[in-house]
Amino acid sequence: MRLIMLGAPGAGKGTQAARVAERFRIPHISTGDIFRANIKNGTELGKKAKSYMDAGELVPDELVCDLVADRIAQPDCGEGFILDGFPRTIPQAEALDEAVRKAGTPIDFAVDIEVPDEHIISRMGGRRACVSCGATYHVVYNPPKKEDVCDRCGGKLVLRDDDRPETVKNRLDVYHAQTQPLIDYYKDKKVLVTVDGTQSMDDVFSAILEKLGE
Ligand code: AP5
């Protein structure tokens with residue numbers, strides 16, 4: 001199964017992609033997580049990406065397209081993958097088309113998680129992310145067992161720099177201008193499925209499985 005998760009920042013792409021990846025035993029590839037790991041490790045890519053991410057802007061296409069094409073060509077993606085946060089622009093979608101065309105393995109579904117902007121602002125303020133493993137929580141909707149400590153690895157939980165309200169507003173503007181056009185792009189390719197992301201996390205997951213024919 002080859003899947004793409006679409007949706008605004010904070011729509012729940014990462015939350016659901018992790019569950020879907022576990023269910024289908026396919027790699028969960030988050031470009032945001034890849035950039036954050038590179039920032040943490042002080043790599044050249046991380047240094048280039050950081051200023052864009054902190055401002056809520058997209059990292060330039062040329063820094064992300066080859067990275068994803070290389071990642072999905074790895075042996076662990078042979079049975080499929082789930083892309084979370086990529087593509088985010090039409091040129092990225094075209095680059096992905098080219099990569100899957102060469103591999104002869106088309107995208108099966110693009111899953112759009114729909115959440116209105118008003119919900120997003122409150123969700124982001126409550127999100128906490130683990131500095132060690134990247135797992136995400138929400139102080140109300142998905143709290144860790146112990147405050148500010150990751151259930152999975154014991155790492156420290158923090159508010160992401162780009163989850164501050166002024167940056168979230170810019171991320172939403174960038175999403176509407178540059179990423180939302182992908183909904184029509186994948187609708188035209190007849191692989192788009194849409195779920196209501198305002199439901200509980202379990203209900204969103206069930207809705208996704210149903211749309212995937214599970
Ligand atoms: P990235 O990390 O991809 O951020 P994003 O797309 O903005 O998405 P988020 O991770 O913020 O949210 P999400 O939809 O995964 O929601 P989550 O499941 O965490 O990218 C960060 C930055 O990297 C970008 O701004 C850009 O600069 C750069 N970048 C990355 N990819 C790029 C690319 N391809 N091109 C260019 N630049 C790129 O959920 C959010 C919160 O809500 C959590 O607290 C969660 O617990 C809670 N929640 C989830 N579902 C529910 C629910 N149903 N009910 C209640 N709460 C819920």
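How many helices and how many strands are there in the protein? In this predicted model, the protein holds nine helices together with eight strands. Its radius of gyration is 16 Å, close to the 17 Å that the globule rule gives for 214 residues, so the protein is as compact as a globular protein of that length.

The table gathers some values for the protein as a whole.

| Property of the protein | Value |
|---|---|
| Box filled by the C-alpha atoms, along the principal axes | roughly 45 × 40 × 35 Å |
| Accessible surface | about 10,900 Å² |
| Distance between the centres of the positive and negative side-chain sets | 4 Å |

Of the accessible surface of the protein, 50% belongs to carbon and sulfur atoms, while 45% of the 214 residues count as buried. The charged side chains of the protein comprise 29 positive and 35 negative ones. When contacts between residues at least 6 apart in sequence are considered, 69% of them join residues that are at least 24 apart.

Once neighbours within four places in sequence are left aside, Ile208 is in contact with Met5, Gln16, Val20, Val111, Ile113 and Val195.

Terms used
Residues numbered from 1 in each chain as written. Predicted model: local features only at pLDDT ≥ 70, side-chain atom pairs only at ≥ 80, totals over all residues. Heavy atoms only, no water. Helix = DSSP H or I, 4+ residues; strand = E, 2+ residues; numbered from the N terminus. Rg over C-alpha atoms; globule rule 2.2 N^0.38 Å. Buried < 20%, exposed > 50% of the residue type's maximum accessible area, 1.4 Å probe, protein only. Contact = heavy atoms within 4.5 Å. Areas by Shrake-Rupley, 256 points an atom, 1.4 Å probe, with all protein chains shown as cover. Lys, Arg positive; Asp, Glu negative; His and termini not counted. Charge placed at Lys NZ, Arg CZ, Asp CG, Glu CD.
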